[in-house]
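Please open the model in your viewer and keep the selection panel at hand. The stops below are meant to be taken in order.

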Amino acid sequence: MLGLSTRQYTSRLVAGQLAASCVQCRASAAGVSGYSTATSPSRKPLLLYTWGTPNGHKVSIFLEELKEVYGLPYDVHPIDISAGTQKEAWFLRLNPNGRIPVLVDRNRGDFAVFETGAILLYLAQHYDTLRRFAFDPQTRPDAYSEMLQWIFFTHGGIGPMQGQANHFVKFAPEDIPYAKKRYLDETKRLYGVLDMRLKGRDWLAGPDKGMYTIADMNALPWVSRHGFTGIETLNAWPNVKAWVEQGLARPAVKAGMQVP
């Protein structure tokens with residue numbers, strides 16, 4: 001997204017201003033303050049350092065959702081993790097852990113945020129003015145807590161376990177059947193937990209059938225790649241299968257999964 005032509009930049013600017021105007025009208029009608037950095041005409045594009053991985057796509061999906069609702073622009077700086085770019089000194093100043101993604105907020109003094117869960121929460125706090133993708137911890141504390149629980153479930157469970165399964169199934173220099181079975185079995189068990197949660201629901205967090213939130217964005221890029229892990233279908237988890245299909249049908253998800 002860097003290196004836009006004048007025409008592309010102008011087109012993006014006009015589209016963003018129109019989206020911002022619509023958001024301000026909706027916010028006023030709902031009794032919410034119409035101003036936020038997301039809708040300000042003077043806002044600057046956020047900068048995302050990322051690569052085409054499940055963790056990278058969590059953030060690009062949310063940025064695409066925010067762009068669709070608020071007209072919030074962002075630029076992408078690809079980080080080729082196979083070349084070790086994420087271990088270079090300049091990148092380690094942004095994230096000492098040497099991992100993608102990293103978000104740099106040009107609207108707040110180039111404030112840098114790393115760790116996907118932290119980035120999602122940061123964007124929700126500062127840019128989701130209408131609470132379209134996250135719950136307000138003050139007015140909806142229970143739903144907000146549920147959202148956090150499922151974010152952390154993915155962050156501590158699905159991501160690490162499916163990531164280890166990917167390593168031993170696809171990349172390990174030697175075949176270790178025990179390791180492959182252990183991490184595949186644990187990934188499948190976690191899919192079973194999701195399936196129980198999604199019974200009679202559309203989304204992970206919130207009352208009734210739930211609301212599409214950053215909790216779903218956090219898990220979807222991992223689970224939707226089940227085939228790469230060696231899990232051919234989601235037929236054993238019909239509620240998860242329906243949830244993945246519903247999520248992947250969203251235009252912003254489709255766009256976010258193509259970044260960078």
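The tour of this predicted model goes from a pair of helices to a pocket, then to a second pair of helices, and ends with some points of backbone geometry.

Begin by selecting residues 54-70, which form helix 2, together with residues 116-127, which form helix 4; the two pack at an angle of about 10°, with their axes 9 Å apart. Because angles under 35 degrees count as roughly parallel, helix 2 is roughly parallel to helix 4. The crossing in which helix 2 passes helix 4 is right-handed. To see the contact itself, show the side chains of Asn55, Lys58, Val59, Phe62, Leu63, Leu66 and Tyr70 on helix 2, and those of Thr116, Ile119, Leu120, Leu123, Ala124 and Tyr127 on helix 4. Coloured by class, the residues of this contact come out as 10 nonpolar, 2 polar and 1 charged.

Which residues lie nearest the centre of the largest pocket? Select Thr53, Pro54, Asn55, Gly163 and Trp222, which hold that place among the 28 residues of the lining. The volume of this pocket is about 920 Å³. Helix 2 and helix 5 (141-171) are the elements that give two or more residues to the lining, and helix 5 gives the most, with 10 residues. By class, the lining divides into 8 nonpolar, 15 polar and 5 charged residues.

Finish with two peptide bonds. Select Ile100 and Pro101, which are joined by a cis peptide bond with omega of about 0°; Pro101 has its place in the loop between helix 3 (89-92) and strand 3 (102-105). Then select Val259 and Pro260, where a cis peptide bond is again found, with omega of about 5°, and where Pro260 lies in the segment after helix 10 (251-256).

Terms used. Residues numbered from 1 in each chain as written. Predicted model: local features only at pLDDT ≥ 70, side-chain atom pairs only at ≥ 80, totals over all residues. Heavy atoms only, no water. Axes fitted to C-alpha atoms, helices over the stretch in contact; angles between N-to-C directions. Helix = DSSP H or I, 4+ residues; strand = E, 2+ residues; numbered from the N terminus. Parallel < 35°, antiparallel > 145°, perpendicular 65-115°, else oblique. Left-handed = near helix turned anticlockwise from the far one by under 90°. Contact = heavy atoms within 4.5 Å. Nonpolar A, V, L, I, M, F, W, Y, C, P; charged D, E, K, R; others polar. 1 Å grid on protein atoms, 1.4 Å probe; cavity = no way out; pocket = protein on both sides within 12 Å on 5 of 7 lines; lining within 4 Å. Points joined across faces, edges and corners; volume = space filled by probe spheres on them.
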